[in-house]
Structure formats: C-alpha cells, structure tokens
Amino acid sequence: SMRNYFLNIGIDTIQHGVDGLVYLLTESSKLMISEVDFQDSIHVLGFSDELNKSLLQLYLDNRKEIRSILGELAPRLPSYHSLEWRLDVQLASRSLRQQIKPAVTMKLHLNQNEDQTAQVLQTDPATLLHLIQQLEQALGEMKMNHCRRIVRNMK
Amino acid sequence: WEGDVKAAGAQRRTAPPGTACPSASAPRLLLRLLIPCLLALPFHSETPNVFHFKVFVGKVAFKGRAAVFSTVCWGLANKCVISNSFILDDPDLKDIDPTVLKHCHAAAATCILEAGKQKADISAISTCLEDCKLDKERIEQFCTEYQKNKDALEILLGSIGRSPLHITDVSWRLEYQIKNNQLHKTYQPSYLVTLNVENSDSGSHPDVSFSCTMEQLQDLVGKLKDAAKSLERATQM
C-alpha cells in the first residue's frame, strides 16, 4: 500500500525530494521560463517521459500563484490603500478669536506587511491645489512617449 | 524722578519706531509697544490698574475692564516676556529700575496679547487705556504702533495651537520594476509618493512615504479633487 511505500523510504529521502520539487518550481516560476526551457532543464535529470510531463503540467498550473506569493516577499514600502477627507473651518482658538481658517483634514490608510495604518494629516487649500497639480503631472508621465517606449520594449 | 522720566520720554518720542519685520518676533513687537506704556507710569494714581504690580499678580481686583485682563492671558504674556535680559539690556531703558521695567513689560504684554486675541478695535483699546488713566498722547502713540503691527500679531497668535501633521509639499517618483531577487520579469510601473509634513510643535517630522500603482494614484488624485471642489463650493456660499 501507499503507506508502506512511504515508510520504506527514509525521512531524508522524502525531505530531499520535497526540497528538490520546491526549488524546481520556485526557480522556474521566478524566472518565468518557457515550456521548452523547462523541459530541457529537467531532461538532464533522467526521469521518465511521463514524470517529465507531470512536472511540466505542475509547473504550468501553479506558476501564476507561485509568482504572486514570491511577489509578496519582495522588499516593499507601505502602499496606498485609501484616503478619507473632511473640510474644516477653524473659528477660534485659545490664543485667537474670530478666525476663519479653512483646512482639509485627511486620513491616509496605508498597508504595510499585512498591517493597516491610518495617519491623520491636514493641509490648507493652497497646498491642496499644489498637491493635485503635482500628482496629476506624475500621472501624466506614464502617457509620455518616453515611458511608453520603455514599457513596449521591455516585455 | 518723574522729571527724569518725562525728559527721557521727550527724547523717545522723536526716536523712530523701528522697522516692522514681517516675521515679527514677539519680544521686539512687545518692546516697541511697551515704550509708550512705560512713559505713563501712573505710580501715584489711586485707582489700581494693570500697571500696578499688585494688580497683575492678581492680588487686587482690576476695576473697569476686569474681565478682559484675566490670569489666562497672564500665562501667555509670561511666555512672551521670554528673557528678562532682553528688556534690561536695551540702552534706551537703562535708566529705569529693572524691577519696574519687568513689571511694566509683563503688563504691556498682557494688554497687547489680550487685545490681539479678542481682535479689539482701536476705539475699544483707547477706552480701555483711558480707564487706566493714560493720557491722550500716550494712548495715541500706543494705538498707532498697535495698528501697525496688528496683522503680524494676529498671524502670530493664529499660528499658536495644536493641529494634526500639516502637509507642506509632495514629491513623487515613477519607476518601472524589472526584477527583484525573489521574482524576475515583474514589468510593472509604480509610483513612490512622499508627503513632506510639519509638526505644529517641533516643526519637522519624518515624511510620509508610500508606493502605489497608477490606478491607486488616480484614486488618490480623484479624492483630492473632490475635496478641492467642495472647498470651492463652500467659498461660494
């Protein structure tokens, strides 16, 4: 039976087998190698054709998921999640009465390694318009020829 | 003694008031306003007023505009008196007893800060100073100086207080990811946005940085534009 089959093989052998499979799949997925390259690579191991076919299928079925998991391991900065905003007008404070001071209060939600942080920030109307202008310029860059050319040529 | 003060006062009246600096530092502002007050030391007046030592330490009730000169402002005035040596080192004032000088400076500071806080107009201040038994000339001089520095004072007072981290600027970086040690051929554009922020207390604070995709940045800009639009609508109301 299956159980006996496994019990007859040493723990070490199984360990090595698993490690080998993991290495094969992660390296192949990481490099995103083509079918042909994959087949050529495992050919040298001298396995049966049937086994080689199964391995190839295993690779093709799982590489997308493996790649997304590997992507999580990459160094990352906190990433944007969402932004809430609110309009405030300061009417008075302890040191000055009769004010009209507009402000935009924001809550910036960021993701960092599975934790979500929220930071409360504030800005004045002039700076808000400046922020919008700067970030719109940033968005515009992707549409410029320079960026388009690079994206096209690096596929 | 009074004669000396009056003589000194005559000199000072002709002295130029000094240039108003846009980022009016509190001590300079107060010193300029202090000088006319100093010259009107009503030490022999029977009615206790703010320039009497006992009044501003709170031992004697101040008649007239008692509510205005509260001890709350005394704390603030104390803060603005900053360093005594600043006052004591001024060559124009060296003939006056240092203790008297300190008291008057604190009293004048209280008066000025309270007027600034309440956004008092010139007539209110004049009336108030009349109650303090200052003569017309001194009041006029005080009010002129006050009027000159009123805006700077309001800006200064308005900037005191707590607020959340204030965004002052933004910088961004567009990058195209090719590979990392975990994953090759990633081929993805991404933005790195840094918000420069300032703390109301200490002035500086580490910047808030985050990465985002193009879609996320579009979302962010969209939300900021909504905020700007509602600001515009609010100003038209």
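Modeller: Read along the sequence, the pattern of chain A is α-α-α-α-β-β-β-α-α. The model is a predicted one.

Colleague: How many helices and strands does chain A have?

Modeller: Chain A has six helices and three strands.

Colleague: Where does A:Val44 lie, and why is A:Val44 called exposed?

Modeller: A:Val44 lies in the loop between α3 (35-43) and α4 (49-73) of chain A. Its relative accessible area is 70%. Exposed means over 50%, so A:Val44 is exposed.

Colleague: Which residues make the nonpolar surface patch of about 390 Å²?

Modeller: A:Val44, A:Leu45, A:Phe47 and A:Leu51 make that patch. Val, Leu and Phe are among the side chains that count as nonpolar for a patch.

Colleague: What share of chain A counts as buried?

Modeller: Of its 155 residues, 29% count as buried. The accessible surface of chain A comes to about 10,800 Å², and 55% of that belongs to carbon and sulfur atoms.

Colleague: What makes β1(A) and β2(A) a pair?

Modeller: Two strands pair if at least two bridges are found between them. β1(A) and β2(A) have 11 bridges, in the antiparallel sense, so they pair. A:Tyr80 stands opposite A:Leu110 in β2(A).

Colleague: How do you know that β2(A) and β3(A) pair?

Modeller: By the cut-off of at least two bridges. β2(A) and β3(A), the latter at residues 115-123, have nine bridges in the antiparallel sense, and therefore they pair. A:Gln122 in β3(A) is the bridge partner of A:Thr105.

Colleague: Which residues have the most contacts inside the largest nonpolar core?

Modeller: They are A:Leu108, B:Leu195, B:Phe210, B:Leu217 and B:Leu224, in a core of 33 residues. The elements that give two or more residues to this core include β1 (79-90), β2 (101-112) and α5 (125-141) of chain A, together with β1 (165-177) and α9 (214-236) of chain B. α9(B) gives the most, with eight residues. Apart from this core lies another, of 17 residues, among them B:Ala120 and B:Ile125.

Colleague: Which residues is A:Leu108 in contact with, leaving aside its neighbours within four places in sequence?

Modeller: Among them are A:Tyr80, A:Ser82, A:Leu83 and A:Leu121 in chain A, and B:Leu195, B:Val208 and B:Phe210 in chain B. Contact here means heavy atoms within 4.5 Å.

Terms used. Residues are numbered from 1 along each chain as its sequence is written. Chains are lettered from A and ligands numbered from 1 in the order in which they are written. This is a predicted model: local features need pLDDT of at least 70, side-chain atom pairs count only at pLDDT 80 or more; totals for chains, interfaces and linings use all residues. Side-chain values use heavy atoms; hydrogens and water are left out. Helices (H or I, at least four residues) and strands (E, at least two) are DSSP runs, numbered from the N terminus. Buried means under 20% relative accessible area, exposed over 50%, partly exposed in between (1.4 Å probe, protein chains only). Accessible areas come from the Shrake-Rupley method with a 1.4 Å probe; for residues, only the protein chains shown count as cover. Patches are made of residues with over 30% relative accessible area and no salt bridge: like charges are joined within 9 Å, nonpolar side chains (Val, Leu, Ile, Met, Phe, Trp, Tyr) within 5 Å. A salt bridge is a side-chain nitrogen of Lys or Arg within 4 Å of a carboxyl oxygen of Asp or Glu. A nonpolar core is a set of buried Ala, Val, Leu, Ile, Met, Phe, Trp, Tyr and Cys residues joined through side-chain atoms within 4.5 Å.
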